[in-house]
Amino acid sequence: MQQVLPGRVFQPKSNPITNDYRLTGTVLGLGINGKVVECYDRKTGNKYALKVLRDIPKARREVELHWRASECIHIVNIVAVYENHYGGQKCLLIIMECMDGGELFNRIQERADHAFTEREAAAIISDIAKAIDFLHSRNIAHRDLKPENLLYSDAGPNGILKLTDFGFAKEVNSSKSLQTPCYTPYYVAPEVLGPEKYDMSCDMWSLGVIMYILICGYPPFYSNHGMAISPGMKKRIRNGQYEFPSAEWRHVSKAAKDLIKGLLRTVPEERLNIKQVMQNSWISENTSVPDTPLASLQVLKDESDMWVDVQDEMTNALATMRVDYEQIHIKNLDDSNNPILKKRRMKMMKK
(Lines give C-alpha, C1' and ligand atoms only; values in the text may rest on other atoms or scores of the structure.)
Protein backbone atom coordinates (compact mmCIF):
# COMPACT_ATOMS: atom_id res chain seq x y z
CA MET A 1 0.00 0.00 0.00
CA GLN A 2 1.34 3.43 -0.98
CA GLN A 3 2.45 5.42 2.04
CA VAL A 4 1.71 9.15 1.87
CA LEU A 5 2.02 12.12 4.12
CA PRO A 6 -0.87 14.57 4.60
CA GLY A 7 -1.52 16.81 1.61
CA ARG A 8 0.26 20.17 1.62
CA VAL A 9 -0.41 23.47 -0.09
CA PHE A 10 2.51 24.89 -2.07
CA GLN A 11 3.27 28.18 -0.31
CA PRO A 12 6.86 29.51 -0.65
CA LYS A 13 8.28 31.53 2.24
CA SER A 14 9.46 35.11 1.61
CA ASN A 15 11.85 35.70 4.51
CA PRO A 16 15.62 35.36 3.82
CA ILE A 17 16.60 31.71 3.81
CA THR A 18 19.76 32.54 5.76
CA ASN A 19 17.60 33.45 8.75
CA ASP A 20 16.57 29.80 9.01
CA TYR A 21 19.45 27.86 7.46
CA ARG A 22 23.25 27.98 7.53
CA LEU A 23 24.74 27.36 4.10
CA THR A 24 28.10 25.59 3.83
CA GLY A 25 28.67 25.69 0.08
CA THR A 26 29.56 21.98 0.05
CA VAL A 27 28.25 20.49 -3.21
CA LEU A 28 26.19 17.34 -2.71
CA GLY A 29 25.25 16.73 -6.33
CA LEU A 30 24.44 18.15 -9.74
CA GLY A 31 20.95 18.03 -11.19
CA ILE A 32 19.54 19.09 -14.54
CA ASN A 33 19.12 22.66 -13.33
CA GLY A 34 22.23 23.19 -11.25
CA LYS A 35 24.03 22.30 -8.04
CA VAL A 36 22.60 20.87 -4.86
CA VAL A 37 24.50 22.12 -1.80
CA GLU A 38 24.59 21.34 1.91
CA CYS A 39 22.82 23.46 4.54
CA TYR A 40 21.84 23.19 8.21
CA ASP A 41 18.69 24.19 10.08
CA ARG A 42 19.75 26.89 12.56
CA LYS A 43 17.29 25.71 15.22
CA THR A 44 17.68 21.94 15.07
CA GLY A 45 21.13 21.58 13.50
CA ASN A 46 19.70 19.02 11.06
CA LYS A 47 21.39 18.74 7.67
CA TYR A 48 19.46 19.36 4.46
CA ALA A 49 20.09 19.80 0.74
CA LEU A 50 19.54 23.16 -0.98
CA LYS A 51 18.80 23.69 -4.66
CA VAL A 52 18.65 27.21 -6.12
CA LEU A 53 16.66 27.98 -9.26
CA ARG A 54 15.96 31.24 -11.04
CA ASP A 55 12.23 31.90 -10.52
CA ILE A 56 10.99 31.39 -14.06
CA PRO A 57 7.88 29.42 -15.16
CA LYS A 58 9.88 26.28 -15.98
CA ALA A 59 11.58 26.26 -12.57
CA ARG A 60 8.33 26.94 -10.74
CA ARG A 61 6.72 24.02 -12.58
CA GLU A 62 9.59 21.77 -11.47
CA VAL A 63 9.27 22.84 -7.83
CA GLU A 64 5.47 22.61 -7.72
CA LEU A 65 5.45 19.11 -9.23
CA HIS A 66 8.20 17.92 -6.89
CA TRP A 67 6.38 19.50 -3.93
CA ARG A 68 3.19 17.60 -4.79
CA ALA A 69 5.15 14.39 -5.33
CA SER A 70 6.88 14.73 -1.96
CA GLU A 71 3.88 13.03 -0.36
CA CYS A 72 5.28 9.71 -1.61
CA ILE A 73 7.76 7.95 0.69
CA HIS A 74 9.83 6.90 -2.34
CA ILE A 75 10.29 10.47 -3.61
CA VAL A 76 12.77 12.89 -2.01
CA ASN A 77 10.87 15.17 0.33
CA ILE A 78 10.84 18.96 -0.07
CA VAL A 79 10.90 20.52 3.40
CA ALA A 80 10.42 24.17 2.44
CA VAL A 81 10.64 26.58 -0.49
CA TYR A 82 11.79 30.21 -0.28
CA GLU A 83 11.30 33.15 -2.67
CA ASN A 84 14.34 35.43 -2.31
CA HIS A 85 16.15 37.97 -4.49
CA TYR A 86 19.88 37.61 -5.18
CA GLY A 87 21.93 39.72 -7.56
CA GLY A 88 18.78 41.39 -8.83
CA GLN A 89 17.22 38.03 -9.70
CA LYS A 90 14.16 36.44 -8.16
CA CYS A 91 15.06 32.92 -7.05
CA LEU A 92 13.40 29.81 -5.71
CA LEU A 93 15.39 28.09 -2.97
CA ILE A 94 14.36 24.51 -2.30
CA ILE A 95 15.21 22.80 0.99
CA MET A 96 15.10 19.01 0.61
CA GLU A 97 15.87 16.07 2.85
CA CYS A 98 19.55 15.11 2.64
CA MET A 99 20.09 11.73 1.01
CA ASP A 100 23.22 10.48 2.76
CA GLY A 101 22.95 6.93 1.40
CA GLY A 102 24.25 7.85 -2.05
CA GLU A 103 23.22 6.88 -5.57
CA LEU A 104 21.74 3.49 -6.42
CA PHE A 105 24.62 2.10 -8.49
CA ASN A 106 27.30 3.47 -6.16
CA ARG A 107 25.56 1.70 -3.29
CA ILE A 108 25.75 -1.59 -5.19
CA GLN A 109 29.36 -1.05 -6.30
CA GLU A 110 30.48 -0.44 -2.72
CA ARG A 111 29.08 -3.71 -1.42
CA ALA A 112 31.65 -6.18 -0.15
CA ASP A 113 29.70 -8.52 2.11
CA HIS A 114 27.89 -10.83 -0.30
CA ALA A 115 26.48 -11.21 -3.81
CA PHE A 116 23.78 -8.98 -5.21
CA THR A 117 20.77 -11.18 -5.95
CA GLU A 118 17.77 -11.19 -8.26
CA ARG A 119 15.51 -10.94 -5.21
CA GLU A 120 17.27 -7.73 -4.13
CA ALA A 121 16.99 -6.36 -7.67
CA ALA A 122 13.25 -7.07 -7.61
CA ALA A 123 12.86 -5.20 -4.30
CA ILE A 124 14.69 -2.18 -5.77
CA ILE A 125 12.59 -2.13 -8.94
CA SER A 126 9.49 -2.46 -6.74
CA ASP A 127 10.46 0.70 -4.82
CA ILE A 128 11.13 2.62 -8.05
CA ALA A 129 7.81 1.41 -9.44
CA LYS A 130 6.01 2.75 -6.35
CA ALA A 131 7.41 6.22 -7.07
CA ILE A 132 6.36 6.00 -10.72
CA ASP A 133 2.92 4.69 -9.74
CA PHE A 134 2.44 7.71 -7.46
CA LEU A 135 3.45 10.13 -10.23
CA HIS A 136 1.48 8.50 -13.04
CA SER A 137 -1.65 8.28 -10.87
CA ARG A 138 -1.41 12.08 -10.73
CA ASN A 139 -0.66 12.43 -14.47
CA ILE A 140 2.97 13.43 -13.88
CA ALA A 141 5.71 12.16 -16.19
CA HIS A 142 9.19 12.29 -14.64
CA ARG A 143 11.07 11.95 -17.98
CA ASP A 144 14.50 11.51 -16.43
CA LEU A 145 14.50 8.17 -14.64
CA LYS A 146 18.12 7.05 -14.20
CA PRO A 147 20.32 5.65 -11.41
CA GLU A 148 21.82 9.06 -10.58
CA ASN A 149 18.33 10.28 -9.67
CA LEU A 150 17.70 7.34 -7.35
CA LEU A 151 19.17 8.01 -3.91
CA TYR A 152 19.15 6.30 -0.52
CA SER A 153 18.02 8.23 2.55
CA ASP A 154 20.94 6.94 4.62
CA ALA A 155 23.87 4.54 4.40
CA GLY A 156 22.46 2.01 6.85
CA PRO A 157 20.46 -1.11 6.03
CA ASN A 158 17.19 0.76 6.58
CA GLY A 159 17.93 3.44 4.00
CA ILE A 160 14.92 4.14 1.73
CA LEU A 161 15.39 4.41 -2.04
CA LYS A 162 13.89 7.66 -3.37
CA LEU A 163 13.47 9.40 -6.72
CA THR A 164 14.64 13.01 -7.15
CA ASP A 165 15.34 15.74 -9.75
CA PHE A 166 12.10 16.91 -11.37
CA GLY A 167 13.83 19.19 -13.89
CA PHE A 168 12.22 17.38 -16.83
CA ALA A 169 8.95 16.46 -15.08
CA LYS A 170 5.70 17.60 -16.63
CA GLU A 171 2.00 17.21 -16.01
CA VAL A 172 0.28 15.27 -18.78
CA ASN A 173 -3.20 16.53 -19.61
CA SER A 174 -3.98 14.17 -22.51
CA SER A 175 -2.80 10.79 -23.79
CA LYS A 176 -0.11 12.35 -26.01
CA SER A 177 0.77 15.79 -24.67
CA LEU A 178 4.57 15.58 -24.41
CA GLN A 179 6.77 16.65 -27.29
CA THR A 180 9.98 18.27 -26.03
CA PRO A 181 12.90 15.80 -26.45
CA CYS A 182 14.07 15.80 -22.82
CA TYR A 183 16.17 12.77 -22.00
CA THR A 184 19.35 11.16 -20.78
CA PRO A 185 20.77 9.08 -23.70
CA TYR A 186 21.12 5.60 -22.17
CA TYR A 187 17.57 5.60 -20.77
CA VAL A 188 15.63 7.35 -23.53
CA ALA A 189 12.51 5.73 -25.03
CA PRO A 190 12.42 5.45 -28.86
CA GLU A 191 9.39 7.73 -29.26
CA VAL A 192 11.20 10.56 -27.42
CA LEU A 193 13.94 10.54 -30.07
CA GLY A 194 11.50 11.50 -32.81
CA PRO A 195 9.32 14.53 -33.56
CA GLU A 196 6.07 12.82 -32.60
CA LYS A 197 4.25 13.45 -29.33
CA TYR A 198 4.61 10.93 -26.52
CA ASP A 199 3.18 10.19 -23.07
CA MET A 200 4.08 8.89 -19.60
CA SER A 201 5.04 5.47 -21.00
CA CYS A 202 8.50 6.92 -21.67
CA ASP A 203 9.11 6.41 -17.92
CA MET A 204 8.29 2.71 -18.29
CA TRP A 205 10.99 2.26 -20.93
CA SER A 206 13.52 3.93 -18.61
CA LEU A 207 12.45 1.58 -15.82
CA GLY A 208 13.15 -1.36 -18.15
CA VAL A 209 16.65 -0.04 -18.88
CA ILE A 210 17.39 0.41 -15.17
CA MET A 211 16.14 -3.12 -14.46
CA TYR A 212 18.32 -4.53 -17.24
CA ILE A 213 21.42 -2.82 -15.84
CA LEU A 214 20.61 -3.89 -12.28
CA ILE A 215 20.59 -7.51 -13.38
CA CYS A 216 23.64 -7.66 -15.65
CA GLY A 217 25.69 -4.52 -14.92
CA TYR A 218 25.65 -2.89 -18.37
CA PRO A 219 22.99 -1.11 -20.48
CA PRO A 220 20.95 -2.75 -23.24
CA PHE A 221 21.67 0.14 -25.61
CA TYR A 222 24.98 1.98 -25.88
CA SER A 223 27.23 3.76 -28.35
CA ASN A 224 30.14 1.88 -29.90
CA HIS A 225 32.03 5.10 -30.64
CA GLY A 226 32.50 6.71 -27.22
CA MET A 227 29.67 9.18 -27.76
CA ALA A 228 26.78 9.84 -25.39
CA ILE A 229 24.45 8.77 -28.19
CA SER A 230 25.28 7.80 -31.78
CA PRO A 231 23.21 7.15 -34.93
CA GLY A 232 23.74 3.40 -34.46
CA MET A 233 22.60 3.56 -30.86
CA LYS A 234 19.48 5.53 -31.85
CA LYS A 235 18.69 2.92 -34.50
CA ARG A 236 19.00 0.06 -31.98
CA ILE A 237 16.76 1.92 -29.52
CA ARG A 238 14.12 2.59 -32.17
CA ASN A 239 14.20 -1.05 -33.29
CA GLY A 240 14.39 -2.44 -29.77
CA GLN A 241 17.59 -4.35 -30.62
CA TYR A 242 19.11 -5.80 -27.45
CA GLU A 243 20.08 -9.25 -26.17
CA PHE A 244 20.30 -11.33 -23.02
CA PRO A 245 23.90 -12.64 -23.30
CA SER A 246 24.25 -16.08 -21.75
CA ALA A 247 27.23 -15.23 -19.56
CA GLU A 248 25.23 -12.81 -17.40
CA TRP A 249 21.66 -13.95 -18.04
CA ARG A 250 21.63 -17.76 -18.08
CA HIS A 251 20.61 -18.04 -14.41
CA VAL A 252 18.14 -15.11 -14.42
CA SER A 253 14.48 -16.09 -14.16
CA LYS A 254 12.18 -16.07 -17.17
CA ALA A 255 9.84 -13.79 -15.20
CA ALA A 256 12.53 -11.08 -14.99
CA LYS A 257 13.34 -11.33 -18.69
CA ASP A 258 9.65 -11.22 -19.63
CA LEU A 259 9.13 -8.10 -17.52
CA ILE A 260 12.05 -6.37 -19.26
CA LYS A 261 10.65 -7.40 -22.65
CA GLY A 262 7.30 -5.88 -21.67
CA LEU A 263 8.93 -2.62 -20.62
CA LEU A 264 11.22 -2.33 -23.66
CA ARG A 265 8.51 -2.61 -26.31
CA THR A 266 9.14 0.04 -28.95
CA VAL A 267 5.42 0.76 -29.50
CA PRO A 268 4.27 2.79 -26.46
CA GLU A 269 0.71 1.42 -26.62
CA GLU A 270 2.07 -2.13 -26.34
CA ARG A 271 4.43 -1.32 -23.47
CA LEU A 272 3.51 -2.33 -19.93
CA ASN A 273 1.99 0.53 -17.93
CA ILE A 274 2.75 1.10 -14.27
CA LYS A 275 -0.40 -0.64 -13.02
CA GLN A 276 0.53 -3.78 -14.97
CA VAL A 277 4.04 -3.64 -13.53
CA MET A 278 2.73 -3.28 -9.98
CA GLN A 279 0.57 -6.36 -10.53
CA ASN A 280 3.40 -8.41 -12.06
CA SER A 281 4.38 -11.24 -9.70
CA TRP A 282 8.11 -10.40 -10.00
CA ILE A 283 7.21 -7.04 -8.40
CA SER A 284 4.18 -7.76 -6.21
CA GLU A 285 5.73 -10.94 -4.79
CA ASN A 286 9.35 -9.82 -4.86
CA THR A 287 10.19 -11.55 -1.58
CA SER A 288 9.56 -14.86 -3.39
CA VAL A 289 11.82 -14.06 -6.37
CA PRO A 290 14.74 -16.52 -6.65
CA ASP A 291 17.71 -15.53 -4.49
CA THR A 292 20.03 -16.05 -7.47
CA PRO A 293 23.40 -14.23 -7.42
CA LEU A 294 23.68 -11.78 -10.30
CA ALA A 295 26.67 -10.80 -12.40
CA SER A 296 25.86 -7.09 -12.05
CA LEU A 297 27.77 -6.54 -8.80
CA GLN A 298 31.07 -7.74 -10.26
CA VAL A 299 30.48 -6.06 -13.61
CA LEU A 300 29.69 -2.72 -11.96
CA LYS A 301 32.81 -3.01 -9.81
CA ASP A 302 35.03 -4.04 -12.74
CA GLU A 303 33.60 -1.30 -14.94
CA SER A 304 33.39 1.46 -12.31
CA ASP A 305 35.64 3.72 -14.41
CA MET A 306 33.38 3.11 -17.39
CA TRP A 307 30.34 4.27 -15.43
CA VAL A 308 32.17 7.44 -14.43
CA ASP A 309 32.80 8.08 -18.13
CA VAL A 310 29.16 7.30 -18.92
CA GLN A 311 27.96 9.83 -16.35
CA ASP A 312 30.38 12.44 -17.72
CA GLU A 313 29.09 11.81 -21.25
CA MET A 314 25.51 12.20 -20.11
CA THR A 315 26.33 15.36 -18.16
CA ASN A 316 27.83 16.86 -21.31
CA ALA A 317 24.83 15.72 -23.36
CA LEU A 318 22.50 17.49 -20.92
CA ALA A 319 24.60 20.66 -20.80
CA THR A 320 22.53 22.42 -23.44
CA MET A 321 19.35 21.66 -21.49
CA ARG A 322 20.71 22.78 -18.13
CA VAL A 323 20.24 26.35 -16.96
CA ASP A 324 23.38 27.81 -15.42
CA TYR A 325 22.75 29.24 -11.97
CA GLU A 326 26.42 29.71 -11.09
CA GLN A 327 26.01 33.48 -11.00
CA ILE A 328 23.56 33.30 -8.11
CA HIS A 329 25.51 33.83 -4.90
CA ILE A 330 23.86 33.67 -1.50
CA LYS A 331 25.88 35.35 1.20
CA ASN A 332 25.95 33.42 4.44
CA LEU A 333 24.87 35.46 7.46
CA ASP A 334 27.83 34.06 9.42
CA ASP A 335 30.25 35.60 6.92
CA SER A 336 28.51 38.96 6.59
CA ASN A 337 30.14 42.23 7.71
CA ASN A 338 26.81 44.02 7.94
CA PRO A 339 26.93 46.11 11.18
CA ILE A 340 23.32 45.25 12.08
CA LEU A 341 24.06 41.56 11.83
CA LYS A 342 27.25 42.04 13.89
CA LYS A 343 25.20 43.61 16.71
CA ARG A 344 22.69 40.78 16.51
CA ARG A 345 25.46 38.20 16.83
CA MET A 346 26.95 40.03 19.81
CA LYS A 347 23.58 40.03 21.58
CA MET A 348 23.20 36.31 20.94
CA MET A 349 26.64 35.65 22.42
CA LYS A 350 25.74 37.55 25.60
CA LYS A 351 22.59 35.51 26.21
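**Exercise 1. Where is His142 found, between which two strands?**

Let's work through this predicted model together.

*Step 1.* Look at the loop between β7 (140-141) and β8 (150-152): His142 is found there.

*Step 2.* Now decide whether His142 is buried or exposed. Its relative accessible area is 1%, and buried means under 20%, so His142 counts as buried.

*Step 3.* List what surrounds the residue. Leaving aside neighbours within four places in sequence, His142 is in contact with several residues, including Leu135, Asn149, Phe166 and Asp203. Thr164 is also one of these contacts, and its backbone oxygen lies 3.0 Å from a polar atom of the His142 side chain.

**Exercise 2. Check the span of helix α3 (residues 118-137) against its number of residues.**

*Step 1.* Helix α3 has 20 residues. The expected span is 1.5 Å times one less than that number, so α3 should span 28 Å.

*Step 2.* Compare this with the model: the end C-alpha atoms of α3 are 28 Å apart, which agrees.

*Step 3.* Take in the surroundings of the helix. Of the 20 residues in α3, 14 are buried, so the helix is mostly covered. Just after α3, Asn139 takes a positive phi of about 60°.

**Exercise 3. Find which residues have the most contacts inside the largest nonpolar core.**

*Step 1.* This core has 67 residues, and the ones to pick out are Leu104, Ile128, Val277 and Trp282.

*Step 2.* Ask which helix gives the most to the core: α5 (residues 201-216), with 12 residues.

*Step 3.* Follow Ile128. Not counting residues up to four places away in sequence, Ile128 touches Leu104, Leu150, Leu161, Leu207 and Ile210.

*Step 4.* Finally, look for another core lying apart from the largest one: it has 15 residues, among them Leu53 and Val76.

Definitions and conventions: Residues numbered from 1 in each chain as written. Predicted model: local features only at pLDDT ≥ 70, side-chain atom pairs only at ≥ 80, totals over all residues. Heavy atoms only, no water. Helix = DSSP H or I, 4+ residues; strand = E, 2+ residues; numbered from the N terminus. Buried < 20%, exposed > 50% of the residue type's maximum accessible area, 1.4 Å probe, protein only. Polar contact = N/O pair within 3.5 Å; in protein donor to acceptor, adjacent residues only side chain to side chain. Contact = heavy atoms within 4.5 Å. Core = buried A, V, L, I, M, F, W, Y, C linked by side-chain atoms within 4.5 Å.
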